[in-house]
Amino acid sequence: MTALTNLLDLDPAQLVAYCGELGEKPFRAKQLLRWIHQFGAHDFDAMTDLAKSLRDKLATRAMIAAPAVISDHISTDGTRKWLLDVGQGNAVETVFIPEENRGTLCISTQAGCAVNCRFCSTGKQGFSRNLTVGEIIGQLWMAEFELRKSKGIEPGHKGERQITNVVMMGMGEPLLNYEPTVTALKLMLDDNAYGLSRRRVTLSTSGVVPMIDKLSQDCAVAMAVSLHASNDALRDSLVPLNKKYPLRELMAACKRYLEFAPRDFITFEYCMLDDVNDTDAHARELIALVQGHGGGTAVPCKFNLIPFNPFPESGLKRSNNPRIKAFAQILMDAGIVTTIRKTRGDDIDAACGQLAGEVQDRTRVQERMQKMTEYQQKFGKNFGRIIEVSQ
Ligand code: SAH
Ligand code: SF4
């Protein structure tokens with residue numbers, strides 16, 4: 001028996017091709033897309049405007065399946081976190097953050113991550129594998145329709161949408177899982193699927209410069225860049241990928257991206273680490289960096305300061321609140337819009353860098369090491385290595 005095709009893996013064009021293979025007209029693809037992504041259907045029998053013969057054909061060849069939910073927790077502040085099984089002992093997280101006028105879903109793109117930032121517990125797990133399109137878009141599919149179910153809201157394009165914004169800020173580096181990430185993005189934007197505007201979908205990257213350029217051509221959504229440091233020596237020690245793509249190149253790539261981006265600024269994320277990157281001098285150096293003093297590229301930007309979520313092995317501490325506020329003030333005094341991220345869902349470990357470590361299967365080390373070697377050949381020998389913080 002041949003394996004069933006998971007229709008969540010297919011983008012609109014692929015769905016047209018798939019319908020063609022079944023001897024069906026292209027408009028069937030549009031109907032399917034709507035049933036799947038607007039009505040949350042997983043059962044072909046529910047697709048009442050498709051001919052019975054087509055429904056029967058699909059039932060024997062295809063399926064609509066998101067990763068299975070391992071756990072589902074709701075925090076006292078309304079944040080909801082799902083842990084999803086992506087097979088072979090790997091799990092990823094999806095987090096829903098409700099706010100006054102919007103609902104944001106934070107999704108993962110890889111199980112583990114090879115970049116190995118010093119302050120990130122996902123990075124500390126090493127890299128397991130890339131998620132498929134179905135596993136990425138399946139997080140949005142599952143979450144949207146679970147949320148509607150919980151509230152008793154009917155599915156359908158007129159149904160009240162629960163998820164208005166998506167951020168790729170969960171586990172993994174989206175630009176190192178490029179093709180599936182872009183396909184999933186295209187589904188998010190498609191009017192027959194989720195119809196989100198490009199401004200409401202944000203990809204967060206640690207700075208894979210060539211892929212930032214590629215994304216600007218393939219699917220320019222809003223961009224967040226994990227900066228975390230004001231100079232190369234410090235960033236090398238926190239985000240090892242900086243050795244391959246240093247700040248000067250990263251700033252130039254950000255500026256190029258803005259020519260195609262749906263917003264006129266880049267969001268720089270900056271994880272506040274006590275006594276590591278949080279002094280007044282760092283703030284001033286940061287201003288010089290993003291304003292292009294000293295010959296670099298100036299980048300129109302906003303800052304999002306993230307209080308570090310500590311985990312035991314990191315050996316790092318969260319900056320205290322007055323320090324974070326003082327740091328923000330220096331940036332704001334220089335005319336840079338700066339926000340301090342509220343920590344949400346602390347009681348269910350839904351914060352950044354706390355993701356899914358507990359269910360990781362640690363027996364597959366060899367496979368992960370092999371993948372790491374591949375990345376090191378591609379990005380240099382320090383890729384994914386922990387380098388001690390030097391200031
Ligand atoms: N790999 C991508 C997206 C996932 S990480 C990236 O690095 O941008 C999403 C954000 O969470 C990044 O800005 C990352 O630096 C931040 N982060 C990771 N671990 C953290 C921690 N322990 N505390 C606070 N922020 C963290
Ligand atoms: Fe990977 Fe992002 Fe964590 Fe760095 S911060 S290790 S890039 S997930």
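1. The shell around ligand 1 in this predicted model divides into nine nonpolar, nine polar and two charged residues. Here Ala, Val, Leu, Ile, Met, Phe, Trp, Tyr, Cys and Pro count as nonpolar, Asp, Glu, Lys and Arg as charged, and the others, Gly among them, as polar. Of the 20 residues around the ligand, F119, G172, S204, S226 and H228 come nearest.

2. Polar contacts are pairs of N or O atoms within 3.5 Å. A polar side-chain atom of H228 lies 2.6 Å from an oxygen atom of ligand 1.

3. E269 is found in strand β12. E269 is buried, with a relative accessible area of 4%; the cut-off is under 20%, with a 1.4 Å probe and protein chains only. Its side chain makes a polar contact of 3.4 Å with the side chain of S226; within protein, one atom must be able to donate a hydrogen and the other to accept it.

4. Conventions: residues are numbered from 1 along each chain as its sequence is written, chains are lettered from A and ligands numbered from 1 in the order written. Local features need pLDDT of at least 70, side-chain atom pairs count only at pLDDT 80 or more, totals for chains, interfaces and linings use all residues, and side-chain values use heavy atoms, without hydrogens and water.

Notes. A residue is near a molecule or strand if one of its heavy atoms lies within 4 Å of it. Helices (H or I, at least four residues) and strands (E, at least two) are DSSP runs, numbered from the N terminus. Buried means under 20% relative accessible area, exposed over 50%, partly exposed in between (1.4 Å probe, protein chains only).
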